[in-house]
Amino acid sequence: MDRLILFILLGAGPGALYAGLAQSLVLTHRGAGVINVGAGAMAMWGAYTFYGLREGHLLLPLVYPGLGGPVPVVPAFLLAVALSALLGALVDVAVLKWLRTSAPLAKLVAGVGLMLTVQALVVLRFGGTGQTAPQVLAGGSVRILGGAVPVVRLEVAGLALAAGFALAAAYRRTRFGLATRAAQENEAEAMMSGLSPRRLSLLNTTFAGALAGAVGILVAPMTQLDPTTLALAVVPALGAALIARFTSFTVAAAAGLGMGALQAVALYLQTLPWFPTSNGLPMPGLPDVLFFLVIAGALMWRGTSLPDRGAHIEPRLPPAPAPRRVARPTAIGVAVGAVALLILPFDLRQGLVNTLIAVIACLSLVVLTGYVGQVSLAQFAFAGLSGLVVSKIGIDLGIGPPWAPLLGVAAAAVFGLVDVLPAMRVRGVHLAILTLAAAVALQNFGFHNPSWGAGGLGSPVSSPVLFGIDFGPSGSFPLNAAHPPSPLFGLVCLLVTALCCVAVANLRRSGLGQRMLAVRSGERAAAAAGISVPAVKVTAFVISAFLMGVVGVLTAYNFGSVDPANFGIVNTLVLIALAYLGGISVIKGALIGGMLMSGGVAATIMEDYLGLPADYLLLFAGVSLILTVTTTPGGIALAHRKSRNGPPAGKEPGRIAAVAEAAG
Amino acid sequence: MTGPSPRLEVRGLSAGYFGAAVVRDLSLTVGAGEVVALLGPNGAGKTTTLRAVSRTIAPMAGTVLLDGRDIGALRPQDIARAGLVHMSERRGVFHGLTVEEHLRLHGLDPALAHRYFPELEPLRSRRAGLLSGGEQQMLGMARALARRPAVLMIDELSKGLAPVIVERLLPVVRRYADESGAAVLLVEQQVQLALETADRGCVLSHGSLAEHDTAANLLARRDVLVSSYLGATAL
């Protein structure tokens, strides 16, 4: 019991991080109506800024000028917090300002873009590995219950709690706080009262940036200063903010500390003798599974009553026109692709194979997000599962094609069915948060688990041999097969991708496609029109998971192993970014997105022929996602429609109507 | 009929939604201390007129002068601060804020608000969402009046309220206009009550001015009112 309490006290460090981030999330939501998934990344930027100052450098995007010597702790802390506040202000002016009338999902996706951008900037500067974070608060440790607890952990937890009480008081007492609450409830009415929602949003987001930066700086020495740990700390923070209904600062602070304690309990359990082990080490990922369960519980409990901002009409997603011609473009595409696979040099051929696989991944989002309006941040978990099935039954049971790929895809589709269960109750933004937590839990509990996952090194995949012919990338082929991938594997990928495109095109033109669009534009209205909303959602999730299953099988054969690095949360975030950039609601957009995907044709040309490092692709994905969501919701594929059909959906007329509806 | 410089002047206003005009080429003035009732059937463009004047929707054409000053370039919040208060059908209250917080939001003196509506005093710490419709309307009006607007526009004061409360509220509007010299533009469905309070009446029909006369004259010529509401040709 004593040891448990000791562990919980040690959990105060990460708890403070979650508490601070949760409050930052509440601030951004109250001020700007946005759930900022990038809050963790903003904390990370603050921590790296502080690190840079202590090392004698000023961290700015893409430049890192020297300052002639390390900056002392206190000025460095203040400067880093000020720069974090500036980042918050910049995010508001450059991103959130343009999203005021966008669909809630677009706002969330913009946060994903922010996260990717900040991560990319950090990776470009410091690489993917961690740094030793400099201490801010001094202090030794106190002996509690026979163990040493660093005072710093208790201090930061106290500070996070104090911040919660201070913010709560400010929102109750000051005119700024009252005005924010008023604008949060109804922006149009607030404007008629002489309040400026824009200014309020800017101030709140600036505070949110400062808070995230401060907590990042303070807690980095206790967690880890690398490009992912702090950024993904947003997951438990989202759980805490959900419990606080994105409204109460004190509840957010307490729940954040509670998430820290929960993590500590999980770590404590891992030390117990009965805890299941795998390869001699305790099973990884339990904290992430607990976070997921808390978020799921919070959504079931309070998720239906998140406040809106008084706009009664749901802003529209980009148009999803039905494809008019299918046969001819498909035939031309397949012919061009086949010739390209036969004559291109091996690096571009590999790029084209990667692109073809990525197109299917983008198609899975076209169905789910473009047609049904749901966002899943766990897409590559489906692919990973299907890849693992192919790998395990291939190696352990000696089962190859055609059964292994079929079983893999079936496993992904069944898992999609499980994943859709929360979507019965939870929709839109909440579903995205839930799938984000699920993706992190699966990554750490599933893929990194040596027993049933891929472990740290990857799980090998045997080459697909059918009728004595090796269809895999290293198979033989009479033409151009000196270097892998073999053109035959490319042709298989081309055929599968073409089939998927035709299937999705026909889906959009079918009655089911009509029903999907009806659900997207309004669940209640769709239900009133006699459409079974749950059935449509289930079908969409299963189709989407099925497509990701295909991606998983092809990726497994493509790389010859199932590596967690190919199926992680970052892969999904990049996928969403590029699918949005290409055009989330049309097949042409999936083709464009696939071209841009990491390892795809565009990246190969960039790397091999233009000499740009691949890390820039992450930056490009993040920035372009933000730009797409804020300026061209339809993506590249629909960009030309703007001039032809008047303003894009969800822009100016929506704004007027939103204000008018809110006023009326 | 109005003073030398009207407090609110609307010239050639056109406004609507999604590019379709609801109000076309509307002109009207409200002088100091004057109450003007804006009447008309559903869909005539009354609410749209108020929204375009307060710029909560962007007008398509026309100018709006507040005390002789063109407010066309101002944002809604700046117009509100310049002294034009628009009470929407939502009654201008925020359900999450308490009665007292509504007044603190503008740094207003609660005593000023309580002078108009002593009923609000015991409800000070109650959240507006928990007030009755009448109490909410009183709060909205108290807040509007305590801001001492030069021009007050009220949309559907009587909406969802018992007649007895409307009879309590309208005289307060009249008194404020008389005492402060403010201009009041009143959109109202209760034609009888509105014209008994107002000095003049403007009847909108399909987005344009169909009738315009003193309140007394309009009350006396009920057939004109009826025909403009029911769409028949005026006799």
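How many salt bridges does the structure hold over all chains? In this predicted model, the count is 15.

One of them connects Glu101(B) and Arg181(A), whose side chains meet at 3.0 Å, N to O. Glu101(B) belongs to helix 3 of chain B and Arg181(A) to helix 7 of chain A, so the pair joins two chains. Glu101(B) is buried, at 6% relative accessible area. Arg181(A) is buried as well, at 14%.

The setting of Arg181(A) was examined next. Helix 7 of chain A spans residues 175-185, and nine of its eleven residues are buried. Among them are Gly177(A), Leu178(A), Arg181(A) and Glu185(A). The cover over these buried residues includes helix 2 (12-32), helix 6 (151-173), helix 8 (187-192) and helix 9 (197-219) of chain A. Helix 3 (99-104) of chain B also contributes to the cover.

Other salt bridges lie within chain B. Lys159(B) pairs with Glu89(B), with the closest N and O atoms 3.4 Å apart. This pair links distant parts of the chain, 70 residues apart. Lys159(B) sits in the loop between strand 7 (151-155) and helix 6 (163-180), and Glu89(B) in the loop between strand 6 (84-87) and helix 3. Lys159(B) is partly exposed at 40% relative accessibility, whereas Glu89(B) is buried at 19%. Glu211(B) and Arg221(B) form a salt bridge at 3.6 Å, N to O. Arg75(B), Asp78(B) and Arg81(B) are linked in a salt-bridge network.

Nonpolar packing was then considered. The largest nonpolar core has 195 residues, of which Leu21(A), Leu363(A), Tyr371(A) and Met516(A) touch the most other members. Helix 15 (residues 346-371) of chain A gives the most to this core, with 15 residues. Domain 1 (2-272) and domain 2 (327-663) of chain A each supply at least three residues. Contacts of Tyr371(A) beyond four places in sequence include Val504(A), Leu507(A), Met516(A) and Ile587(A). A second, separate core of 46 residues includes Met87(B), Val93(B), Leu157(B) and Tyr176(B).

Ala253(A) lies in helix 12 (residues 249-271) of chain A. Its relative accessible area is 1%, so Ala253(A) counts as buried. Ala22(A) is 231 residues away in sequence, yet the C-alpha atoms of Ala22(A) and Ala253(A) are 6.8 Å apart. Ala253(A) is in contact with residues including Ala19(A), Gln23(A), Ala160(A) and Gly164(A).

On the surface, Leu62(A), Ile605(A), Tyr609(A), Leu610(A), Leu612(A) and Tyr616(A) form a nonpolar patch. Together they have about 580 Å² of accessible area. Tyr609(A) lies in helix 25 (residues 601-609) of chain A and is partly exposed, at 47% relative accessibility.

Notes:
Residues numbered from 1 in each chain as written. Chains lettered and ligands numbered in written order. Predicted model: local features only at pLDDT ≥ 70, side-chain atom pairs only at ≥ 80, totals over all residues. Heavy atoms only, no water. Core = buried A, V, L, I, M, F, W, Y, C linked by side-chain atoms within 4.5 Å. Buried < 20%, exposed > 50% of the residue type's maximum accessible area, 1.4 Å probe, protein only. Helix = DSSP H or I, 4+ residues; strand = E, 2+ residues; numbered from the N terminus. Domains from an automatic or database assignment. Contact = heavy atoms within 4.5 Å. Patch = residues over 30% accessible without salt bridge, like charges linked within 9 Å, V, L, I, M, F, W, Y side chains within 5 Å. Areas by Shrake-Rupley, 256 points an atom, 1.4 Å probe, with all protein chains shown as cover. Salt bridge = Lys/Arg side-chain N within 4 Å of Asp/Glu carboxyl O.
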